[in-house]
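Student: I have a structure to read today. Please take me through it feature by feature.

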Amino acid sequence: MSKKLFTPQEIEQLKQNEYVKSVSEKGITYTKEFKENFIMMSEKGKFPREIFEYYGFNVEMLGMQGVNSAAKRWKQAFKTQGPLGLDDSRTKNSGRPLKRELTIEEQLLRTQAELEVLKIENELLKKLRLMRKMLE
C-alpha cells in the first residue's frame, strides 16, 4: 500500500467519481464496473494512465505508482480468475470458516446461490463480448 494519504479535499473529489465505491485517506475501492472497463480497454492496447483519465480520475492525485499497481493487480486477477477475480473479496473472506457439516437444506441453498452467481457471471460475459464487438 502506498504511503500517500489523501487530503479531505481529495477524498471529496474522489467521492464525486461514479466509479469509486469508497474512499478513505489511505485508499480507494473502485467499482467492479470500472475494473471490467479497465480490463477491456487495456486489452485494446490503452495504457493505465489513459484509462484512468478517460474515466475522470486525476492521475496526478492518485499517483502513477497507485495506478500502475492497481492495473497490475486487476490484470493478474482477471487472468487467473476471470471476471470473478475483479470482485471485492474482502466481503467474502471475513469471519471464521464453517467447521460443522452442512445440512442438506444448507447445501441446497449454497448450491442455489452458486448457480445464481454463475448465471449472473454468464450474463456479464455475454455483455462484455457484445461490448467488445461494438468497440471493434
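Tutor: Start with ring pairs. Rings of Phe, Tyr and Trp (for Trp, its six-membered ring) pair if their centres lie within 6.5 Å; planes under 30 degrees apart count as stacked, over 60 as edge-to-face and the rest as tilted. Here such pairs link Tyr-19, Tyr-30, Phe-34, Phe-38, Phe-52, Tyr-54, Tyr-55, Phe-57 and Trp-74 into a cluster.

Student: What kind of model is this, and how are residues numbered?

Tutor: This is a predicted model: local features need pLDDT of at least 70, side-chain atom pairs count only at pLDDT 80 or more, and totals for chains, interfaces and linings use all residues. Residues are numbered from 1 along each chain as its sequence is written, and side-chain values use heavy atoms, with hydrogens and water left out.

Student: How many aromatic pairs does a search of the whole structure find?

Tutor: The search finds 16 aromatic pairs. Tyr-30 and Phe-34 form a tilted one, 5.4 Å centre to centre with 35 degrees between the planes. Phe-34 and Phe-52 form an edge-to-face pair, at 5.1 Å and 80 degrees. Helices (H or I, at least four residues) and strands (E, at least two) are DSSP runs, numbered from the N terminus. Phe-34 lies in helix α2 and Phe-52 in helix α3, so this pair ties together parts 18 residues apart in sequence.

Student: Are Phe-34 and Phe-52 buried or exposed?

Tutor: Buried means under 20% relative accessible area, exposed over 50%, and partly exposed in between (1.4 Å probe, protein chains only). Phe-34 and Phe-52 are both buried. Phe-34 has a relative accessible area of 0%. Tyr-30 is buried too, at 10%.

Student: How do I read a nonpolar core?

Tutor: In soluble globular proteins, nonpolar side chains tend to be buried together. A nonpolar core is a set of buried Ala, Val, Leu, Ile, Met, Phe, Trp, Tyr and Cys residues joined through side-chain atoms within 4.5 Å. The largest one here has 24 residues, and Phe-52, Phe-57, Leu-62 and Trp-74 have the most contacts inside it. At least two core residues come from each of α1, β1 (20-23), β2 (28-30), α2, α3, α4 (59-62) and α5 (64-81).

Student: Which residues does Trp-74 touch?

Tutor: Contact means heavy atoms within 4.5 Å. Not counting residues up to four places away in sequence, Trp-74 touches Tyr-30, Phe-34, Lys-35, Phe-38, Ile-39, Phe-52 and Leu-86.

Student: Now charges. How many salt bridges are there?

Tutor: A salt bridge is a side-chain nitrogen of Lys or Arg within 4 Å of a carboxyl oxygen of Asp or Glu. The count comes to seven. In one of them, Arg-132 meets Glu-43 at 2.8 Å, N to O. Arg-132 lies in helix α6 (residues 104-135) and Glu-43 in helix α2 (residues 32-43), so the pair ties together parts that are 89 residues apart in sequence. Arg-132 is partly exposed at 32%, and Glu-43 is partly exposed at 48%.

Student: Where does Glu-10 lie, and what does it touch?

Tutor: Glu-10 lies in helix α1 (residues 8-15). Its side chain meets that of Lys-4 in a salt bridge of 3.4 Å, N to O. Glu-10 is buried at 18%, whereas Lys-4 is partly exposed at 29%. Beyond residues up to four places away in sequence, Glu-10 touches Lys-4, Leu-5 and Met-61.

Student: Last one. Which residues of α6 are buried?

Tutor: They are Glu-121, Leu-124 and Leu-128. These buried residues pack against α2.
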